[in-house]
Amino acid sequence: MSNFSFAEWSNLLDQWGASSSSSNADHKPEKTIPTTTSVERLIKEIENPLTREHALFALSRNREIRANLAPLLWNSTGTIYLLLEEITTAYRVMSSPDLVARATNNVCNALVLLQCVASHPDTRMNLIKANVPYYLYPFLEAKNKEKQYEYLRLTSLGIIGALVKVDNAEIVHFLLQSEIVPLCLRCMEVGNELSKTVATFIIQKILVQDEGLRYFCSFAERFFALTRVMGTMVDKPVGEPSLRLLKHIIRCYVRLSDCPRACDGFKISLPSKFRDATILNLIQDDPEALEWLGQLFVNIATGNRGSPPLIEETLSILPS
């Protein structure tokens, strides 16, 4: 299964380069690896409104320190509160032209630091217990496609993606209860290629858990909402989905096909490109994707009546 590494998340974010803003032009990250003392000093500077912008930028853009930054952020007094305070400042201007690049940069740098916390095994669950993902949902609800909104969308998705990267049933349960799925589907519809890719990755990781599979297969509305959005991405009239996005989509279809009812649904809801040679031309040089697609077709053809007992038992008591 294809996973994003922390470095890859960083590369995705850098493609939308908040650091290119003129407001940060004079604040270049240090070339040398900062010492623990200098990192702690930067964290302390977050407390001061006059030095916060530079501190957020320096901490979020220096990749050498990100791996060990999370415990320092979480355990320093008031820092997470200040990051959330910075994030909520964007709420007031989400529907106005005032969402300018500088404000977006500050918020996104704060989001990148929260992604560090979400990626670290010692602090990941702290975000869940503190209900921090709820602070991200206004950015995922936005339908705007301007660059500032896309960057907020992508950085917010990056935090959720970091949470689900490890297969953890408790995290998936929290996200399902907090209604993350409709937000991911919206991002898959209105986001750019990067946002679509990360949102689809999140759905894929949710589906890995049995609760996630039940979520989509227990109600026809949920199942067809997901397959409609994925089908639109595959069959889009202009251009083709990237290979990385396409592989995540195929993995979602394969996991859904573990449910016999889903196999029945696929007989009428598969993307048209899955029914001809188009899809094969897109993945012909990727043996892994070809294997997944072959497994999907086998599952659909056989109805996959040998599904795991837990799924079968749960779905058998549901009304047809």
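## A walk through an all-helix model

The protein exposes about 14200 Å², and carbon and sulfur atoms supply 54% of that area (areas come from the Shrake-Rupley method with a 1.4 Å probe, and for residues only the protein chains shown count as cover). Keep in mind that this is a predicted model, where local features need pLDDT of at least 70, side-chain atom pairs count only at pLDDT 80 or more, and totals for chains, interfaces and linings use all residues. Residues are numbered from 1 along each chain as its sequence is written, and side-chain values use heavy atoms, with hydrogens and water left out.

Start with the overall layout. You'll find 20 helices and zero strands (both are DSSP runs numbered from the N terminus: H or I over at least four residues for helices, E over at least two for strands). Of the 320 residues, 53% are buried (under 20% relative accessible area, with exposed meaning over 50% and partly exposed in between, using a 1.4 Å probe and protein chains only). Now look at contacts (heavy atoms within 4.5 Å): among those with a separation of 6 or more, 77% join residues 24 or more positions apart.

Next, head inside. The largest nonpolar core has 97 residues, and Ile180 and Leu256 have the most contacts within it (such a core is a set of buried Ala, Val, Leu, Ile, Met, Phe, Trp, Tyr and Cys residues joined through side-chain atoms within 4.5 Å). Helix α10, residues 147–164, gives the most to this core, with 10 residues. Leaving aside residues up to four places away in sequence, Ile180 touches Tyr137, Leu140, Ile160, Leu175 and Ile206. Glu179 has a phi near 65 degrees, a positive value in a residue other than glycine, and is partly exposed at 41% relative accessible area. Asn131 is another residue with positive phi, near 60 degrees; this one lies in the loop between α8 (124–129) and α9 (137–141).

Helix α15 is worth a stop. This helix covers residues 220–234, 15 residues in all, and reaches 21 Å from its first C-alpha to its last, close to the expected 21 Å (1.5 Å times one less than the number of residues). Its buried residues include Phe223, Leu226, Met230 and Val234. An α-helix has 3.6 residues a turn, so residues three or four places apart point the same way. The buried residues of α15 pack against α12 (180–190), α13 (193–208), α14 (210–217), α16 (243–256) and α17 (260–269).

There are also eight aromatic pairs in the structure (rings of Phe, Tyr and Trp, the last by its six-membered ring, with centres within 6.5 Å; planes under 30 degrees apart are stacked, over 60 edge-to-face, and the rest tilted). Phe223 and Phe266 have ring centres 5.4 Å apart and planes at 45 degrees, so this pair is tilted. The pair links distant parts of the chain, from helix α15 to helix α17, 43 residues apart. Phe223 is buried at 6% relative accessibility, and Phe266 is buried at 1%.

Finally, the cysteines. A search of the whole structure finds zero disulfides (pairs of cysteine sulfur atoms within 2.5 Å). For Cys187, the nearest cysteine sulfur is that of Cys184, 6.2 Å away. Cys187 is buried, with a relative accessible area of 0%, and Cys108 is buried at 0% too.
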